[in-house]
Amino acid sequence: MAEHPPSPLYALPPGERIYAIGDAHGHLDALCALHDKIRAHALQAPPAKITVLYIGDLIDRGPDSAGVIDLLMRPPSVPNAHSVVLMGNHERMMLDALTGDLTAAHRWVANGGEEALQSWNVPGSAPPSRWREWIPPAVVDFLRSRPLMHRAGGYFFAHAGIRPGIPLDRQSPHDLLWIREPFLSWPRPLPARVVHGHTPTPRPEVLAHRINIDTGAGWGGILTCAVMEGDDIAFLETPA
């Protein structure tokens, strides 16, 4: 487990630990392997409160989007943990495509939706207007109900990031799901330390004001989990 120096500007309340998992993109085996590492880590020194948080982009590109969603619809596999599953832009694309809108459907398929459809056994010949016949309503309801953000202590979690200069409670859904610039190049402090995914990097990016945990699982990279407690941060990882 890689460790990084603490940032005293941002911290979690005493007794709380968050395991924040990056963009899984349909890689069920990697996610299960990472859960095993989280369970082992949590058992070594269990805190009073454990949250397992998923930063979004659960689906697409990988071989088993359906399996990932089925896993996350169950109770957390980490004992005594609370689960927070955020929406990513890929979940948003899927929901838009399932309305039958052809433009949204083509956009989703072009961004990895074809693999997701296959994981739900949707025939390749099925038109977008019929895709929902193969996808369980409970899955659609689960994805629709995903929050766009989570706040804990000095940390703010959102799939893509935030727009600098806008209060956290006034961030637009589009920015929370899609933003890159000016967020990624922003050099100054933010109202909270933002933990995000959405923009793949070979290794986690750890800056004073943001932490990027998308390490390219959707592109053959690794799946990363940031372990945050107090003002410390470390990482668990597994190949995708």
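Let's start with Asp-57, which counts as buried at a relative accessibility of 2%. A reminder before I go on: this is a predicted model, and everything I mention today is computed from it. Asp-57 sits in the loop between β3, residues 49-54, and α2. Its phi is near 55°, a positive value in a residue other than glycine.

That loop between β3 and α2 also holds Arg-61. Here, too, phi is positive, at about 75°, although Arg-61 is not a glycine. So is Arg-61 buried or partly exposed? With a relative accessibility of 23%, Arg-61 counts as partly exposed, because buried means under 20%.

Arg-61 brings us to a pocket. The second largest pocket has a volume of about 150 Å³. It is lined by 15 residues, and those closest to its centre are Arg-61, Asn-89, His-90, Arg-180 and His-198. What is the lining like by class? We have four nonpolar, six polar and five charged residues there. Two helices, α3 (89-97) and α4 (102-119), each supply at least two residues of that lining. Of the elements involved, α3 gives the most, with three residues.

Let's stay with α3 for a moment. This helix is mostly covered, with seven of its nine residues buried. Those buried residues are Asn-89, His-90, Glu-91, Met-93, Met-94, Leu-95 and Ala-97. And what covers them? The cover includes α4, along with α5 (137-144) and α6 (173-178).

Now over to α1. Two packed helices are described by the angle between their axes and the distance between the axes. For α1, residues 28-44, and α2, residues 65-72, the axes come within 9 Å and cross at roughly 35°. On the α1 side, the contact is made by Leu-28, Leu-31, Cys-32 and His-35, and α2 brings Gly-67, Val-68, Leu-71 and Leu-72. By class, this contact has six nonpolar residues, two polar ones and no charged ones. As for the spacing you see in those numbers, an α-helix has 3.6 residues a turn, so residues three or four places apart point the same way.

Further along α1 you will find Ala-40. Ala-40 is partly exposed, with a relative accessible area of 42%.

How many residues does the largest nonpolar core have? The answer is 47, and those with the most contacts inside it are Tyr-19, Ile-21, Trp-108, Trp-120, Trp-131 and Ile-135. Our friend α1 gives the most to this core, with six residues. Apart from it lies another core, of 17 residues, and among them are Leu-86, Ala-152, Phe-157 and Ala-226.

Leaving aside neighbours within four places in sequence, Tyr-19 is in contact with residues including Ile-38, His-41, Ala-42, Ile-50, Val-52, Leu-53, Cys-225, Ala-226 and Leu-236.

Notes
Residues are numbered from 1 along each chain as its sequence is written. This is a predicted model: local features need pLDDT of at least 70, side-chain atom pairs count only at pLDDT 80 or more; totals for chains, interfaces and linings use all residues. Side-chain values use heavy atoms; hydrogens and water are left out. Axes are lines fitted to C-alpha atoms, for helices over the stretch in contact, and angles run from 0 to 180 degrees between N-to-C directions. Helices (H or I, at least four residues) and strands (E, at least two) are DSSP runs, numbered from the N terminus. Contact means heavy atoms within 4.5 Å. Ala, Val, Leu, Ile, Met, Phe, Trp, Tyr, Cys and Pro count as nonpolar, Asp, Glu, Lys and Arg as charged, and the others, Gly among them, as polar. A nonpolar core is a set of buried Ala, Val, Leu, Ile, Met, Phe, Trp, Tyr and Cys residues joined through side-chain atoms within 4.5 Å. Buried means under 20% relative accessible area, exposed over 50%, partly exposed in between (1.4 Å probe, protein chains only). On a 1 Å grid over the protein atoms alone, a cavity is a set of points where a 1.4 Å probe fits but cannot get out, and a pocket is an open set with protein on both sides within 12 Å along at least five of seven lines; lining residues have an atom within 4 Å of a point. Grid points are joined across faces, edges and corners, and a volume is the space filled by probe spheres set on the points.
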